[in-house]
Amino acid sequence: MNALHTSIHHSTVFDHPEMSGHEDVVFVHDRTNGLRAIIAVHDTTLGPALGGCRVWPYDHPGDALTDALRLSRGMTYKNALAGLDLGGGKAVIIADPRKDKTPALMEAFGRHVERLSGTYITAEDVGVTTGDMEAVARQTDHVRGTSATGLGDPSPYTALGVFEGIKASARHVFGSPDLDGRTVSVQGLGHVGHDVARRLHEAGARLIVSDIHVPAVLRAVDAFGAAAVDPAEAHMVEADIFAPCALGAGLNARTIPHIRARIVAGAANNQLQTPADGHALRKRGILYAPDYAINAGGVISIALATPGGDDTEVRQKTLSIGETLSAIFARSAREETTPERIADAMAEERLARAARA
Ligand code: NAD
């Protein structure tokens, strides 16, 4: 195995705009099979850095670095706020998951994870399957989410946490977490969105659903008596709650003026296109549940899974997402700032306490 440092198009890594105190950034080039990867360890104050591995055909290594730095920092905040004793890290492999990904490539990645001696723990992310993680696990124990270590698909736990978060949001805005008779627009009916819709339906909510994949819409209409709407209009409909469960950046200058719901609470990552969009929501009196707080059920299930498959602790921690959000909302009202700013502050405070201890 040969590793060497590759060059990137920024003048130096240290002055990269996304560099924010990262502890380690490892550039991997495995000559045996051409693996090119970046492993970014942002912060290990709370414990080893846990974060997924993304396989993506980046046009330029610089874009891969930007992603690795930004996503690893995000994991520090997510893990800290979720109450996990884990730091934040992320890996990106520069490859097309459909064409270039082979067991040998993933095994090579596993060997490089092993070289970090447990500072970084890897797991699935975009472009990576459980099968790929099995290949990684042949080379290192510092991996989660394999059939031997995990509870399987994290989506049901993500959905459970999102449902708790929607109830906490309803309590804050309407004075009651009861969703019976409330109308919720669920945008995106994939692994998480469909399960969120099921829980909402069981709680008595009326559903308006949307997805670019028509069979997913028909399934929800059939199973939950949901009304269907064009995905581009999901945020505009008359609803109490808008639950974005598709892709990111859906909350922006174009969509926010048209949102009629009083709550935005859903699973999608990176929902706000810019920080200004969070302020715009607050100005309109719309409560926003910070994405990395409400969708932490998945990482909790990956972090705390035990080989025996007992999920008691995972469920407990996931259910506490509701309490975390209630605390965020109360403090954001007191301090007259956005919930996402408070979420960041709470994560930073936990890190500062741990650093002092
Ligand atoms: P998924 O791929 O299973 O589902 C996404 C769904 O969104 C698909 O059905 C797709 O057709 C639909 N979609 C895509 N673009 C759309 C659009 N413009 N309008 C409407 N629908 C659209 O993904 P998932 O695992 O359900 O994850 C959903 C979101 O939640 C993602 O943003 C993901 O990053 C985030 N998330 C997921 C987990 C998890 O455990 N799976 C954990 C944390 C965050």
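**Figure 1. Gly 83 is partly exposed, at 27% relative accessibility.** Gly 83 sits in the loop between H1 and E5. Helices (H or I, at least four residues) and strands (E, at least two) are DSSP runs, numbered from the N terminus. From Gly 83 to Ala 249 the C-alpha to C-alpha distance is 26 Å, and the two residues are 166 residues apart in sequence. What you see is a predicted model, where local features need pLDDT of at least 70 and side-chain atom pairs count only at pLDDT 80 or more, while totals for chains, interfaces and linings use all residues. Residues are numbered from 1 along each chain as its sequence is written, and side-chain values use heavy atoms, with hydrogens and water left out.

**Figure 2. Arg 350 and Asp 85 form a salt bridge.** The term means a side-chain nitrogen of Lys or Arg within 4 Å of a carboxyl oxygen of Asp or Glu. Here the closest N and O atoms are 2.8 Å apart. This pair links distant parts of the chain, 265 residues apart: Arg 350 belongs to helix H12 (residues 339-356), and Asp 85 to the loop between helix H1 (61-81) and strand E5 (87-94). Arg 350 is buried, with a relative accessible area of 17%, whereas Asp 85 is exposed, at 55%.

Figure 3. Asp 240 and Arg 182 form one of them, with their closest N and O atoms 3.8 Å apart. They too link distant parts of the chain, 58 residues apart: Asp 240 is in the loop between strand E9 (227-228) and strand E10 (241-244), and Arg 182 in the loop between helix H4 (155-174) and strand E7 (183-187). Arg 182 has a relative accessible area of 24%, so this residue counts as partly exposed. Another salt bridge joins the side chains of Arg 341 and Glu 348, at 3.7 Å from N to O. Arg 341 is partly exposed at 38% relative accessibility, and Glu 348 is partly exposed at 31%. Elsewhere, a network of salt bridges links Arg 54, Asp 67, Arg 70, Lys 90 and Asp 125.

Figure 4. A polar backbone atom of Val 192 is 2.8 Å from an oxygen atom of the ligand. Ser 155 places a polar side-chain atom 3.2 Å from a nitrogen atom of the ligand, and a backbone N or O atom of Ala 267 lies 3.3 Å from a ligand oxygen. The protein buries 72% of the 830 Å² that the ligand exposes when taken alone (areas by the Shrake-Rupley method with a 1.4 Å probe; for residues, only the protein chains shown count as cover).

**Figure 5. E10 belongs to an open sheet of 6 strands.** Their order is E9-E8-E7-E10-E11-E12, and the pairing is parallel. Two strands pair if DSSP finds at least two bridges between them. At the edges are E9 and strand E12 (287-288), each pairing on one side only. E7 and E10 run parallel, joined by 4 bridges. Val 186 has Ala 243 in E10 as its bridge partner, and Val 184 has Ile 241. With strand E11 (residues 263-264), E10 pairs in the parallel sense over 2 bridges; there, Phe 242 stands opposite Val 264. Both faces of E10 are covered: Ile 241 and Ala 243 are buried on one side, as are Phe 242 and Pro 244 on the other.

**Figure 6. Thr 122 is buried, at 0% relative accessibility.** Thr 122 lies in the loop between strand E6 (120-121) and helix H3 (130-137). The side chains of Thr 122 and Tyr 120 are joined by a polar contact of 2.9 Å. A polar contact is a pair of N or O atoms within 3.5 Å; within protein, one must be able to donate a hydrogen and the other to accept it, and residues adjacent in sequence count only if both atoms are side-chain atoms.

Methods
Buried means under 20% relative accessible area, exposed over 50%, partly exposed in between (1.4 Å probe, protein chains only).
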